[in-house]
Amino acid sequence: MNTKTIAELFVTITDTYNQSSKPVYRYKKNLQYVDVSFSELRTTVQKLAYALESLGLQRGDKVALLSENRYEWVLAD
């Protein structure tokens with residue numbers, strides 16, 4: 001792995017383990033655990049990035065998160 005940024009590392013890892021049957025994350029929703037695959041994680045992060053971009057956010061802009069501790073923080077990070 002010859003990556004230079006955390007974003008590049010994320011892409012490399014999600015590409016590498018895309019076909020893995022093991023979940024990358026597991027979170028509780030409605031009292032049941034929900035598994036998140038590498039491909040689901042990648043797709044959701046990409047959708048979030050596109051949504052932020054469509055709002056006019058650009059590289060270097062600051063965004064604040066105000067929320068309880070939750071899985072979606074990982075996506076935003």
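Begin with the whole chain, where, among contacts (heavy atoms within 4.5 Å) between residues at least 6 apart in sequence, 40% join residues at least 24 apart. This is a predicted model, in which local features need pLDDT of at least 70 and side-chain atom pairs count only at pLDDT 80 or more, while totals for chains, interfaces and linings use all residues. Residues are numbered from 1 along each chain as its sequence is written, and side-chain values use heavy atoms, with hydrogens and water left out.

Helices (H or I, at least four residues) and strands (E, at least two) are DSSP runs, numbered from the N terminus. Along the principal axes, the C-alpha atoms fill a box of roughly 35 × 35 × 20 Å. Of the 77 residues, 12% count as buried, a term for residues under 20% relative accessible area, with exposed meaning over 50% and partly exposed in between (1.4 Å probe, protein chains only).

Now select helix 1 (residues 6-16) together with helix 2, whose axes come within 8 Å and cross at roughly 145 degrees; axes are lines fitted to C-alpha atoms, for helices over the stretch in contact, and angles run from 0 to 180 degrees between N-to-C directions. Show side chains at this crossing, where Phe10, Val11, Ile13, Thr14 and Asp15 of helix 1 meet Phe38, Leu41, Arg42 and Val45 of helix 2. The residues of this contact divide into six nonpolar, one polar and two charged, where Ala, Val, Leu, Ile, Met, Phe, Trp, Tyr, Cys and Pro count as nonpolar, Asp, Glu, Lys and Arg as charged, and the others, Gly among them, as polar.

From helix 1, pick Thr14, which counts as buried because its relative accessibility is 2%. Its side chain reaches the backbone oxygen of Phe10 at 2.8 Å, and a polar atom of the Thr14 side chain also lies 3.2 Å from the backbone oxygen of Val11. Leaving aside neighbours within four places in sequence, Thr14 is in contact with Phe38, Leu41 and Arg42.

Is Arg42 buried or exposed? Arg42 counts as buried, because its relative accessibility is 19%. Beyond its neighbours within four places in sequence, Arg42 is in contact with Phe10, Val11, Thr14 and Asp15, and the side chains of Arg42 and Asp15 are joined by a polar contact of 2.6 Å (a pair of N or O atoms within 3.5 Å; within protein, one must be able to donate a hydrogen and the other to accept it, and residues adjacent in sequence count only if both atoms are side-chain atoms).
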